[in-house]
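Look at the model below before reading on. The text then goes from the chain as a whole to single residues and pairs of residues.

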Amino acid sequence: CIIIFNIQFYSMMLLQTVVSYTLTTITRKKRHIWLLATFWLIALNYLKYGNNYRILTEILNIDDSNIHDFLVIFPWCLLKNISFNLERVDTHERYDSKFSFFNCLGYVFYFPTFLCGPHVIYSRYANMLERKDEIAPLSDRYQNLVMNLSRFAFWFFLTELALHFFYMNSIVINLDLKLLNSPTFFGVGYLLGQVFNNKYIIHYGVPITFGHFDGIAMPNTPRCICRVHKYSDMWKWFDHGLYEFLFKYIYISVCTKRSSLPKKVFAGFTTFLFIYLWHGFFDYILVWSILNCVCIILEKFVYHIIEGENFHKKALDFVKTDNNVHRLHALIGTHVLIPAIVSNLFFFGGIEVGWEFVRRTYLCGFINYLKISTCIYFLYPVAEAIKRWEKNNKK
């Protein structure tokens with residue numbers, strides 16, 4: 001880190017780790033860990049606005065090109081500090097060698113995941129420390145390392161080749177999308193998601209490969225967005241590490257499976273509030289977070305009904321066969337998935353692009369919406385079939 005950046009850059013990451021570890025040692029209270037994390041996030045988001053980032057360039061003695069690196073790396077380190085210290089508090093012991101400061105430094109500054117994720121909860125990292133004897137032979141690990149790095153190198157060069165001819169980000173920034181006809185417009189929307197998907201397959205795939213080489217049970221690489229038909233699965237399988245963090249440390253600490261519906265809704269709201277804080281105080285992030293929260297709540301409500309026994313019996317009486325029941329699920333699920341897909345376009349393209357997709361989807365007539373829903377409907381059963389196939393193979 002010192003070689004790539006400088007000692008000041010490294011010291012800021014070290015300061016965050018030392019302060020977090022010291023506070024937990026003194027208080028051993030989860031609420032203090034979260035309050036400190038909130039302070040770091042608010043301070044970081046303040047530095048993102050306007051020319052405030054100039055404060056960072058002076059303090060850290062880095063140029064503008066490295067500011068983005070700092071604004072990305074600091075939140076990733078924060079997730080690790082939260083994970084380490086929350087699990088440390090749960091041990092109920094004043095000292096445990098697994099939670100030594102030395103191990104904390106090793107976890108936070110573990111280089112493969114230091115620069116751009118993915119997040120690895122501390123229990124995964126600690127299991128590697130405790131089970132060194134169970135790690136696969138070195139020859140097998142080298143074979144997997146070469147094979148997987150070759151795989152992600154292929155995706156890297158393919159994506160670079162595509163971007164050489166098709167400037168996705170520039171199209172969104174410089175082109176008035178309102179001028180595009182509907183097929184082209186929605187094609188751009190699809191490619192925004194696919195390029196973003198490829199980017200994270202590469203960014204996460206390489207660190208995950210090195211993590212496996214070191215014997216860490218790393219989270220899964222992102223799944224292709226075209227084979228996810230439930231938006232809750234998108235959160236679970238696109239960024240599996242972040243999902244584990246949110247689910248383990250926020251969602252189930254607020255509610256359980258047996259909790260009331262209002263409490264589950266509150267837990268979901270709290271989770272997405274953290275997502276908003278972590279990503280940054282921007283209008284498109286706010287809209288994206290709210291729409292994501294609403295879409296997931298809507299999805300849970302709809303699938304709670306259509307996957308129930310009563311609905312299945314009544315649907316079977318009406319449509320006669322199980323295959324037709326699956327088609328009925330796809331028909332209903334399609335209209336739940338569409339707003340979830342549109343919500344992501346706020347994240348990919350910004351606030352204006354997002355609202356244009358809302359307008360083109362819902363305010364351009366019934367025939368236009370029918371075309372969109374038909375395309376999504378045909379993708380739905382394919383994704384469902386792949387999911388069932390994977391589930392059966394695991395068994």
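The model shown here is predicted. The backbone at R28 has a positive phi of about 50°, even though R28 is not a glycine. Most residues other than glycine have a negative phi. R28 has a relative accessible area of 14%, and the limit for a buried residue is under 20%, so R28 counts as buried.

A second case of this kind is N61. This residue belongs to the loop between α3 (53-60) and α4 (64-90), and its phi is near 55°, again a positive value in a residue other than glycine. Is N61 buried or exposed? With a relative accessible area of 53%, N61 is exposed, whereas R28 is buried.

The backbone has another feature to look for, this time in a peptide bond. Most peptide bonds are trans. The bond that joins G117 and P118, however, is cis, with omega at about 5°. P118 is part of the loop between α5 (101-108) and α6 (122-130).

Now step back to the chain as a whole. How many helices and strands does the chain have? There are 17 helices and zero strands. The radius of gyration is 23 Å, close to the 21 Å that the globule rule gives for 395 residues, so the chain is as compact as a globular protein of that length. Along the principal axes, the C-alpha atoms fill a box of roughly 65 × 50 × 50 Å. Of the 395 residues, 45% count as buried. Among contacts with a separation of 6 or more, 71% are between residues 24 or more positions apart. The accessible surface comes to about 21600 Å², and carbon and sulfur atoms account for 65% of this area.

Charges come next. Side chains of opposite charge can pair when their charged atoms come close. A search of the whole structure finds nine salt bridges.

One of them pairs E244 with R124, where the closest N and O atoms are 2.8 Å apart. E244 is in helix α11 (residues 240-254) and R124 is in helix α6, so this pair links distant parts of the chain, 120 residues apart. Both partners are buried: E244 has a relative accessible area of 16%, and R124 also has 16%.

Another salt bridge is formed by the side chains of E390 and R227, at 2.4 Å from N to O. E390 lies in helix α17 (residues 366-394) and R227 in the loop between α9 (182-213) and α10 (231-238), so the pair ties together parts that are 163 residues apart in sequence. R227 is partly exposed, with a relative accessible area of 26%.

A further salt bridge stays inside one helix. E356 pairs with R360, and their closest N and O atoms are 3.2 Å apart. Both residues lie in helix α16 (residues 351-362), four residues apart, which is about one turn of the helix. E356 is buried at 6% relative accessible area, and R360 is buried at 5%. Elsewhere, salt bridges that share partners join R223, R227 and E390 into one network.

Methods:
Residues numbered from 1 in each chain as written. Predicted model: local features only at pLDDT ≥ 70, side-chain atom pairs only at ≥ 80, totals over all residues. Heavy atoms only, no water. Helix = DSSP H or I, 4+ residues; strand = E, 2+ residues; numbered from the N terminus. Rg over C-alpha atoms; globule rule 2.2 N^0.38 Å. Buried < 20%, exposed > 50% of the residue type's maximum accessible area, 1.4 Å probe, protein only. Contact = heavy atoms within 4.5 Å. Areas by Shrake-Rupley, 256 points an atom, 1.4 Å probe, with all protein chains shown as cover. Salt bridge = Lys/Arg side-chain N within 4 Å of Asp/Glu carboxyl O.
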